[in-house]
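This briefing goes through one protein chain, topic by topic. Look over the sequence and the model below before reading the points.

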Amino acid sequence: MPDPIIEVRDLLKHFAIHRGFLGRGAESLKAVDGVSFRIQAGETLGLVGESGCGKSTVGLLILNLLRADRGQVLFEGMETTGLEGEELQKIRRRMQVVFQDPQSSLDPRMLIKKIVGCPLEVNGLASGSELVKRVREMLREVGLSEDHVYRYPHEFSGGQRQRIGIARALITGPDFIVFDEPTSALDVSVQAQILNLIRDLQKRKGYSYLFISHDLSVIKHVSHRIAVMYLGKIVEKAPKKDLFAKPLHPYTRALLAALPRPDPEKRHPLAVLEGDVPSPVNVPGGCRFHPRCPEALDRCSTVEPALEEVEPKRWVACHLCAGEKSSESCLRFDASKAGERDAPEVESCRL
């Protein structure tokens, strides 16, 4: 296998919380707690999990928009976690981000020419008429008119504003882009257009993506591989086809069982995962999912499971799979506790 374009090793980020008089009694919010994965050139890794599990923080750490407390991020084999100044700016030309809400991520006082062209100016790549020419070309690339260069963000719809955000991210010719829930603020019909644009750009240009979302249907539509996060840790990694056909971790099965089916002839009662996500300030001992897990063993409350490869390219952190080299061991549990034994098949995304 060729070297990955992005490699994340044991990434950790805790935020200090000061409580009490004069900030005494400090605690730590464990946003990201030992995350590792790889992304190959031209590949999309989907990062999925409930709100507050640390997905967006992982994206910010990779881009050096937040400083990691521990761990490494390697871009084409070069560590980027300690870079500063000019060296960091050179790398950022090749690593870009598209944020969740285009309305708040675009400056309402700037013309589109300035918003999309600013990265070219900052990096010394173009100016004057050449800058305007490249901005016009990029707007056409994302499905907008070149005449939009002299308009303001408020003159566009939500989907058009997100296309502007994508154009801004792509204008410097990056190799890797982080998409942080880029469609969650859009209508369903507009979501499909943006997702299809993202996939089409990757096919034509060979971009590599980290696609962050809480929506498994969206993740299935755009990803090649999927990593499932829960409370700051990755609990399962697998190729998309394998994960949807046979999810191994109880949390992944619960997420899939909670998805509605678009076909009215294949309706099923939606499974509801009991309880709330524990606070990342007071993380449960042992397996972090055990307070909500219908399949929990005695040791789940005291021993934290390691993320192990149970089959080629399939990784899971669960005591049901511990020490086994077959995914079948992960499915040996009491069906009466878990409801249905197998998670329902999820239909292809038809946004």
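The largest cavity in this predicted model has a volume of about 70 Å³. It is lined by 13 residues, and those closest to its centre are Cys287, Cys293, Cys300, Cys318 and His319. The points below start with this cavity and then turn to the cysteines, the sheet and the chain as a whole.

**Cavities**

- The structure contains 2 cavities of 30 Å³ or more.
- Rolling a probe the size of a water molecule over the atoms shows where empty space is left.

**Cysteines**

- How many disulfides does the structure hold? The number is 0.
- A disulfide is a covalent bond between the sulfur atoms of two cysteines.
- Cys300, one of the residues closest to the centre of the largest cavity, takes part in no disulfide. Its nearest cysteine sulfur belongs to Cys287 and lies 5.7 Å away, whereas a disulfide requires the two sulfur atoms to be within 2.5 Å.
- Is Cys300 buried or exposed? Cys300 counts as buried because its relative accessibility is 9%, and the cut-off for buried is under 20%.
- Cys118 has a relative accessible area of 25%, so this residue is partly exposed. That class covers values between the 20% limit for buried and the 50% limit for exposed.

**The sheet**

- Eight strands form an open sheet with mixed pairing, in the order E6-E7-E8-E3-E9-E10-E12-E11.
- At the edges are strand E6 (95-98) and strand E11 (308-311), each of which pairs on one side only.
- On average, neighbouring strands of this sheet are turned by 25° against each other, with direction ignored.
- Within the sheet, strand E9 (residues 225-230) pairs with strand E10 (residues 233-239) in the antiparallel sense, over 6 bridges.
- Which residue of E10 is the bridge partner of Ala227? The partner is Lys237.

**A helix across the sheet**

**The chain as a whole**

- The chain has 11 helices and 12 strands.
- Of its 351 residues, 48% are buried.
- Among contacts in the chain with a separation of 6 or more, 64% are between residues 24 or more positions apart.

Definitions and conventions
Residues are numbered from 1 along each chain as its sequence is written. This is a predicted model: local features need pLDDT of at least 70, side-chain atom pairs count only at pLDDT 80 or more; totals for chains, interfaces and linings use all residues. Side-chain values use heavy atoms; hydrogens and water are left out. Two strands pair if DSSP finds at least two bridges between them. Helices (H or I, at least four residues) and strands (E, at least two) are DSSP runs, numbered from the N terminus. Axes are lines fitted to C-alpha atoms, for helices over the stretch in contact, and angles run from 0 to 180 degrees between N-to-C directions. Buried means under 20% relative accessible area, exposed over 50%, partly exposed in between (1.4 Å probe, protein chains only). On a 1 Å grid over the protein atoms alone, a cavity is a set of points where a 1.4 Å probe fits but cannot get out, and a pocket is an open set with protein on both sides within 12 Å along at least five of seven lines; lining residues have an atom within 4 Å of a point. Grid points are joined across faces, edges and corners, and a volume is the space filled by probe spheres set on the points. Contact means heavy atoms within 4.5 Å.
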